[in-house]
Amino acid sequence: MINFDKMNCKMGQKIRWGIIGLGNIAHNFVKDLAMVNDAEIIAVASRNIEKANQFASQYHVKQAFGSYESLLQCEEVDVVYIATPHTFHVSVALMAMNYKKNVLCEKPLGVNKDEVERMIACARENKVFLMEALWSRFNPAI
Ligand SMILES: NC(=O)c1ccc[n+]([C@@H]2O[C@H](COP(=O)([O-])OP(=O)(O)OC[C@H]3O[C@@H](n4cnc5c(N)ncnc54)[C@H](OP(=O)(O)O)[C@@H]3O)[C@@H](O)[C@H]2O)c1
């Protein structure tokens with residue numbers, strides 16, 4: 001469960017999302033999150049600031065960053081969605097959790113057991129939420 005106290009969320013306040021890595025799946029994620037009442041995307045980050053600005057303007061997102069770390073330094077962001085290629089999931093997720101950000105990471109979480117174990121240990125150490133974005137887990141049939 002996401003710990004709302006840790007996120008300093010007040011009753012009725014939306015969960016504030018940041019998106020890291022603005023490729024194909026990030027566009028799908030934004031469209032899906034628009035259907036979630038208690039969520040809002042407040043920041044996006046790309047390695048390229050022009051791409052971040054373009055993405056932010058397309059989806060009316062308040063803040064755009066030209067580096068992943070600068071988004072993680074944004075105190076308003078409660079949780080980040082990591083949509084980089086899978087070989088970069090571990091480095092970005094560890095950095096995010098060390099900034100005390102909750103993390104929803106695209107699948108696969110890591111490329112091997114060691115990476116996943118390091119990510120879980122980091123989540124426990126920082127007391128943040130970590131989850132692989134495995135939508136089928138929430139399919140009522142499953
Ligand atoms: N597409 C799908 O249907 C789908 C489905 C399930 C899972 N996934 C997972 O989602 C993740 C992203 O998939 P995607 O299809 O969205 O990939 P993509 O279109 O290639 O986008 C990945 C993004 O990651 C960032 N990135 C950071 N370092 C990079 C590097 N060295 N080379 C290339 N891109 C880099 C880039 O964003 P910036 O340029 O903005 O930094 C890029 O746009 C993968 O782990 C994939 O397995 C995708």
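Helices (H or I, at least four residues) and strands (E, at least two residues) are DSSP runs, numbered from the N terminus. The structure described here is a predicted model, in which local features need pLDDT of at least 70 and side-chain atom pairs count only at pLDDT 80 or more, while totals for chains, interfaces and linings use all residues. Residues are numbered from 1 along each chain as its sequence is written, and side-chain values use heavy atoms, with hydrogens and water left out.

The loop between H4 and S5 holds Lys100. This residue has a positive phi of about 65 degrees although it is not a glycine, and its place in the chain is just after H4. A further case is Lys127, in the loop between H5 and strand S6 (130–132). Its phi is also positive, about 55 degrees, and it is not a glycine either. Lys127 is exposed, with a relative accessible area of 58%; exposed means over 50% relative accessible area, buried under 20%, and partly exposed in between, with a 1.4 Å probe and protein chains only. Another loop, between S5 and H5, contains Pro108. The peptide bond that leads from Lys107 to Pro108 is cis, with omega near -5 degrees.

Helix H4 itself is mostly covered, since seven of its ten residues are buried. These are His89, Val90, Val92, Ala93, Leu94, Ala96 and Met97. Their cover includes strand S1 (15–20), H3, S4, S5, H5 and S6.

The interior can be described through its nonpolar cores. A nonpolar core is a set of buried Ala, Val, Leu, Ile, Met, Phe, Trp, Tyr and Cys residues joined through side-chain atoms within 4.5 Å. In soluble globular proteins, nonpolar side chains tend to be buried together. The largest core here has 25 residues, of which Ile20, Leu71, Val80, Met97, Val103 and Met119 touch the most other members. Two or more residues each come from strand S2 (39–45), helix H3 (68–72), strand S4 (79–82), helix H4 (89–98), strand S5 (102–105) and helix H5 (113–126). H4 gives the largest share, six residues. Met119 is in contact (heavy atoms within 4.5 Å) with His89, Val90, Ala93, Leu94, Met97, Cys105, Leu109, Gly110 and Leu130, leaving aside its neighbours within four places in sequence.

A second, separate core has 21 residues, including Ile19, Ala39, Ala83 and Leu104. Ile19 belongs to strand S1 and is buried, at 0% relative accessibility. Not counting residues up to four places away in sequence, Ile19 touches Ala26, Phe29, Val30, Ile41, Ala43, Val44, Ala45, Leu71 and Tyr81. Ile19 and Val77 are 58 residues apart in sequence, and their C-alpha atoms are 9.6 Å apart in space.

The model also holds a ligand. Around it are 17 residues, of which Leu22, Ile25, Ser46, Lys51 and Tyr68 come nearest; a residue is near a molecule if one of its heavy atoms lies within 4 Å of it. Oxygen atoms of the ligand lie 3.3 Å from a backbone N or O atom of Gly23 and 2.8 Å from a backbone N or O atom of Ile25. In the side chain of Lys51, an N or O atom is 2.7 Å from an oxygen atom of the ligand. Taken alone, the ligand exposes 880 Å², and the protein buries 68% of that; accessible areas come from the Shrake-Rupley method with a 1.4 Å probe.

Technical notes
A polar contact is a pair of N or O atoms within 3.5 Å; within protein, one must be able to donate a hydrogen and the other to accept it, and residues adjacent in sequence count only if both atoms are side-chain atoms.
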